[in-house]
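The sequence and the structure come first, and the description follows.

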Amino acid sequence: MSAVKMDGKALSAKVRGGILAETEELKKRGVTPGLAVIIVGNDPASEIYVRNKEKACAECGFYSEKYALPAETTQEELLGLIAELNQSPQVNGILCQMPVPKHIDEQAVIDAIAPEKDVDAFHPVNVGKIMVGNFDFVPCTPAGVMELLAEYGIDPKGKECVVVGRSNIVGKPMAMLLLHKHGTVTVCHSRTEDLAGVCRRADILVAAVGKAAFVTPDMVKDGATVIDVGMNRNAEGKVCGDVDPAVMDKAAYMTPVPGGVGPMTITMLMKNTLKAAKVQHGL
Ligand code: NDP
C-alpha cells in the first residue's frame, strides 16, 4: 500500500483562486489588500521565501511593498520602518522575514508590529488569541496543515495527534489548532522519552523537527496520516522533509516535500492578509 499524497500545490492553487475572486470583489468596493514584506540582510533562503511571497501577492491581486534592508540596519531603524507601516493605510499586513541579523532582537521586532497587521500571527496578542480559540490570524504553517487535513476529509476529532517539535511558529500553534478541532494532542521534543513509541500511537503525526528523514517507518502506525513540515537539504543539496520517504508504504495519507505543506504556508499568509484588509475596513 502506498499513501495518498496530500497535494499542497493543487490545494494552494485552488485557495489562491478563491482569494483572487474575493479580492476582485473587494476592489469594487475600493479596498485592495496590501502586504509589506521586510527582509534584512541577504540570507539566500530568506530571499527565496520573500520572492515567493511577492509572487503570491501578485497572483492574489494584492498590493505589495518590499523593503530589502542592508544587514547593518540597526534595530532602531527597523522598528522605525515598522512604526511607519503600522500607520500606512495601504498596508494591511506586515511581515518581517526571520531570521533577522543577530544584533536585532527578534522578539522586539515581533512586538513592534501592530497586532491587527501581524499576518504571521507571531505577536503575543495573536498568540494569546489562538490559545483562547478566538482569532483572526492563524500561524501560516499550522493553518496550511489544517486546510490540507480538511481537504482530504481527515477530522482530528477524538484522534491521537502527535506533534514532533515545539517551536513558537510551528509545533506549539499546531498543537493548539489540533486541540481546537478536538484531537487528543501530544507534543514531543528533544527531551521526549521513547519518541518512537509515542509517535506510533499517532493517527495524525506532524513532524516539525528540521532533520532530514528523522521519522522512519518503525515510528509510524499502519494507516496513519503523516504531515511533513520539514524543509531540509540533503547531502546533494536537494530539498527534503523530516520524514523518510519509505513511510509512504505505511501511512494512508502523507504530504510530499516539496509540494505539501510549503505552498500552503504562503497561501495562508495571503488568506491572513485578505482577512486583515477586511477587518481593517469593517467588512
Ligand atoms: P525549530 O528548530 O525551531 O524547532 C525544532 C523542534 O524539533 C524543537 O522543538 C526541538 O526540540 C525538536 N527536536 C529537535 N531534535 C529533536 C529530536 N532528536 N527529537 C525530538 N524532537 C527534536 O524548527 P521549526 O519549528 O522552525 O521548523 C521545523 C522544520 O520545519 C524545519 O525543517 C523548517 O525548515 C521547517 N519549516 C517549514 C515551513 C514550511 O512552510 N513548510 C515553515 C516553517 C518551518 P527542543 O524544543 O527540545 O529543542
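A polar contact is a pair of N or O atoms within 3.5 Å; within protein, one atom must be able to donate a hydrogen and the other to accept it, and residues adjacent in sequence count only if both atoms are side-chain atoms. The model is predicted, with local features requiring pLDDT of at least 70 and side-chain atom pairs counting only at pLDDT 80 or more, whereas totals for chains, interfaces and linings use all residues. Residues are numbered from 1 along each chain as its sequence is written, and side-chain values use heavy atoms, with hydrogens and water left out.

**Ligand site**

Helices (H or I, at least four residues) and strands (E, at least two) are DSSP runs, numbered from the N terminus.

| Residue | Protein atom | Ligand atom | Distance |
|---|---|---|---|
| His189 | backbone N or O | nitrogen | 3.4 Å |
| Ser190 | side-chain N or O | oxygen | 2.5 Å |
| Asn232 | polar side-chain atom | oxygen | 3.2 Å |

Taken alone, the ligand exposes 930 Å², and the protein buries 71% of that area. Accessible areas come from the Shrake-Rupley method with a 1.4 Å probe; for residues, only the protein chains shown count as cover.

**Polar contacts within the protein**

Thr273 lies in helix H9, and its side chain reaches the backbone oxygen of Leu269 at 2.9 Å. Thr273 counts as buried because its relative accessibility is 0%. Buried means under 20% relative accessible area, exposed over 50%, and partly exposed in between (1.4 Å probe, protein chains only).

Asn168 is located in the loop between S5 and helix H7 (171-180). At 56% relative accessibility, Asn168 counts as exposed. The side chain of Asn168 makes a polar contact of 2.8 Å with the side chain of Lys172. Between Asn168 and Val198 there are 30 residues of sequence separation and 21 Å in space, C-alpha to C-alpha.

**Cysteines**

How many disulfides does the structure hold? There are zero, a disulfide being a pair of cysteine sulfur atoms within 2.5 Å. Cys140 is in no disulfide, and the nearest cysteine sulfur, that of Cys57, is 11 Å away. Cys199 is likewise in no disulfide, with the sulfur of Cys188 as the nearest cysteine sulfur at 5.2 Å. Cys140 is buried, at a relative accessible area of 6%, and Cys199 is buried at 1%. Cys96, in strand S4 (residues 93-96), is also buried, with a relative accessible area of 4%. Cys96 and Gly260 are 164 residues apart in sequence and 24 Å apart in space, C-alpha to C-alpha.

**Aromatic pair**

The structure holds one aromatic pair. Tyr152 and Tyr253 form this pair, which is edge-to-face, at 6.2 Å centre to centre and 65 degrees between the planes. Rings of Phe, Tyr and Trp (its six-membered ring) pair if their centres lie within 6.5 Å; planes under 30 degrees apart count as stacked, over 60 as edge-to-face and the rest as tilted. The pair links distant parts of the chain, 101 residues apart: Tyr152 belongs to the loop between helix H6 (140-151) and strand S5 (160-164), and Tyr253 to strand S11 (residues 253-254). Tyr152 is partly exposed at 25% relative accessibility, and Tyr253 is partly exposed at 26%.

**Backbone geometry**

Most residues other than glycine have a negative phi, and most peptide bonds are trans. A cis peptide bond joins Met98 and Pro99, with omega about 0 degrees; Pro99 lies in the loop between S4 and helix H4 (106-112). Another cis peptide bond, also with omega about 0 degrees, joins Val257 and Pro258, and Pro258 is found in the loop between S11 and H9.

His182 has a positive phi near 70 degrees and lies in the loop between H7 and strand S6 (184-188). His182 is exposed, with a relative accessible area of 53%. Ala213, with a positive phi of about 50 degrees, is partly exposed at 37% relative accessibility.
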